[in-house]
Amino acid sequence: MAIANVSRYVQRQHTSVNNEKAVSSDPYADIEPLLEFDWSTTTPIKIRPFKPRYHLTMALETCPLPELVAIDDTYLERMALRRSVLDDHPKETYLCNDPCTEAVFEVYAWMFGTYLPQRYPTMYTLVDQYEGTVDSKQQRRSLYNIPANKYIPLEAPSAMEALYILGCHVDTDILILLPSSTAADGSPIYHLEAFVCCFPSGFKTQEKLGLPLADIHKPVPGYKAKIEKSMDRFFAKMELGKAVRRANWAITTDISLYSQGGTHMYEDGKTEETGENEGEVTGRKVVENRKTLNVDAPDVEESIEQQKKNVRIEDCRLRCERQTLHRLTKTKALAFMFKTYQYKLEDVKAEGSGPELADAIAGLALGSVPDMAFYKRQVVWGDKVVEYLRS
Ligand code: HEM
């Protein structure tokens, strides 16, 4: 072959390889691996999303799909805790409405068959297992969870079992949404239709099942006025192959990761709305969470004072969630996932973030939604925590 021809031939080969790559490159199938990842020496990421003034915005940023699940040295203890929470609270921690069965199976198959073994090959590996007698052996492909020394079937017998197994092997809560209703203009409204949620931060996930985003967020002050419309629009338009993330923060006055109440208090009448909203599930009562304080009671000030006395700095935690959102490739459902981080206040102080967090605590009442200070119970823990952080 003449030299010019050889070079054309090589070029053609390159082009065709690149084209093949471009055609076969599927963001859900090709997950960039962390080949050297050692979970046992990886410290939890430090999330410090606080700002001097709290402004209620969606605050979403792009998240590469491979970064959806974060793992660190708390993995095994977290997994043990998640399993015990699931076993102790089976009715509260995982549920699925029938129309969401396929989406649950899709999350399960992708997480265990593709995402985890590709992203974390040092932790999860696909293996063939053989069952039956010597004469009639059956081959079954499973995912081997190396740190836990457990085999995970690649197919789950039911959506509920799929959620349970996901809860036991992934340190990330998973909430799945479907476009179960439509707004007046015909655009889809997303509802929570299945979840495995071991670490709710002061809300009852089971009472949110079936609700549209707007009703899920009813207790959140300012949600309706500031972000409801953009949220619905964003969820409706969320593209395939893309993911976004955000982080939140709160101070909790106890150390439990599983908390169905007590983290928030709601200002009655201001944040709770009645009446029919677009996308509301017909005939369903809008959720009402437990309040830690009855703001209508004549002794409200006294009650706050009483709760303030019970605040012990050593029990307080800075609690942050790393939240992600992505669309599933087959069912087109949306998966909202979050991993919860807890930091001792003494560690936050030791790293030098004390003044910054103290400013943010004061700033809860100074931003676009001053009621946020009340919602986050800052009126109870604020003084003591700020004093400690500035000392
Ligand atoms: C990705 C966009 C989202 C944004 C910007 C957002 C925003 C917020 C905000 C600002 C709060 C107030 C509490 C805080 O930040 O500490 C909140 C609370 C909450 N969010 Fe979201 N959220 C999003 C997605 C979701 C989704 C998809 C779900 C569930 C399917 C969800 C469930 C909740 C729940 C259960 C609460 C607690 C409400 C309560 O106190 O009862 N969020 N969210």
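**Notes on the fold**

1. In this protein, 75% of the contacts with a separation of 6 or more are accounted for by residues 24 or more positions apart. The model is a predicted one. The protein holds 13 helices and 10 strands, and 48% of its 391 residues count as buried.

2. The sheet deserves attention next. Seven strands form an open sheet in the order β1-β8-β9-β10-β6-β7-β2, and their pairing is antiparallel. The edges are taken by β1 (61–62) and β2 (94–96); each has a single partner strand, so one side of each is left without a neighbour in the sheet.

3. Within this sheet, strand β9 (residues 317–327) and strand β10 (residues 334–344) run antiparallel and are joined by 11 bridges. As one point of reference along this pair, E321 stands opposite T340 in β10. Helix α4 packs on the sheet, where it touches β2, β6 (173–182), β7 (188–196), β9 and β10. The direction of α4 makes about 145° with that of β6.

4. Helix α4 (residues 101–119) also meets helix α5 (residues 159–169): their axes come within 9 Å and cross at roughly 35°. This crossing of α4 and α5 is left-handed. On the α4 side the contact is made by T101, V104, F105, V107, Y108, M111 and F112, and on the α5 side by A159, A162, L163, I165, L166 and H169. Sorted by class, the contact of α4 with α5 comprises 11 nonpolar residues, two polar residues and no charged residues.

5. Which residues touch the most other members of the largest nonpolar core? In this core of 53 residues, they are I71, M111, F112, Y115, L116, L166 and I176. Two or more residues come from each of α2 (75–88), β2, α4, α5, β6, β7 and β10. The most is given by α4, with nine residues.

6. L166 may be examined individually. It is one of the residues that α5 brings to the contact with α4, and it is also among those touching the most other members of the largest nonpolar core. With its neighbours within four places in sequence left aside, L166 is in contact with V107, Y108, M111, F112, I174 and V196.

Definitions and conventions:
Residues are numbered from 1 along each chain as its sequence is written. This is a predicted model: local features need pLDDT of at least 70, side-chain atom pairs count only at pLDDT 80 or more; totals for chains, interfaces and linings use all residues. Side-chain values use heavy atoms; hydrogens and water are left out. Axes are lines fitted to C-alpha atoms, for helices over the stretch in contact, and angles run from 0 to 180 degrees between N-to-C directions. Helices (H or I, at least four residues) and strands (E, at least two) are DSSP runs, numbered from the N terminus. A crossing is left-handed if the near helix is turned anticlockwise from the far one by less than a right angle, and right-handed if clockwise. Contact means heavy atoms within 4.5 Å. Ala, Val, Leu, Ile, Met, Phe, Trp, Tyr, Cys and Pro count as nonpolar, Asp, Glu, Lys and Arg as charged, and the others, Gly among them, as polar. Two strands pair if DSSP finds at least two bridges between them. A nonpolar core is a set of buried Ala, Val, Leu, Ile, Met, Phe, Trp, Tyr and Cys residues joined through side-chain atoms within 4.5 Å. Buried means under 20% relative accessible area, exposed over 50%, partly exposed in between (1.4 Å probe, protein chains only).
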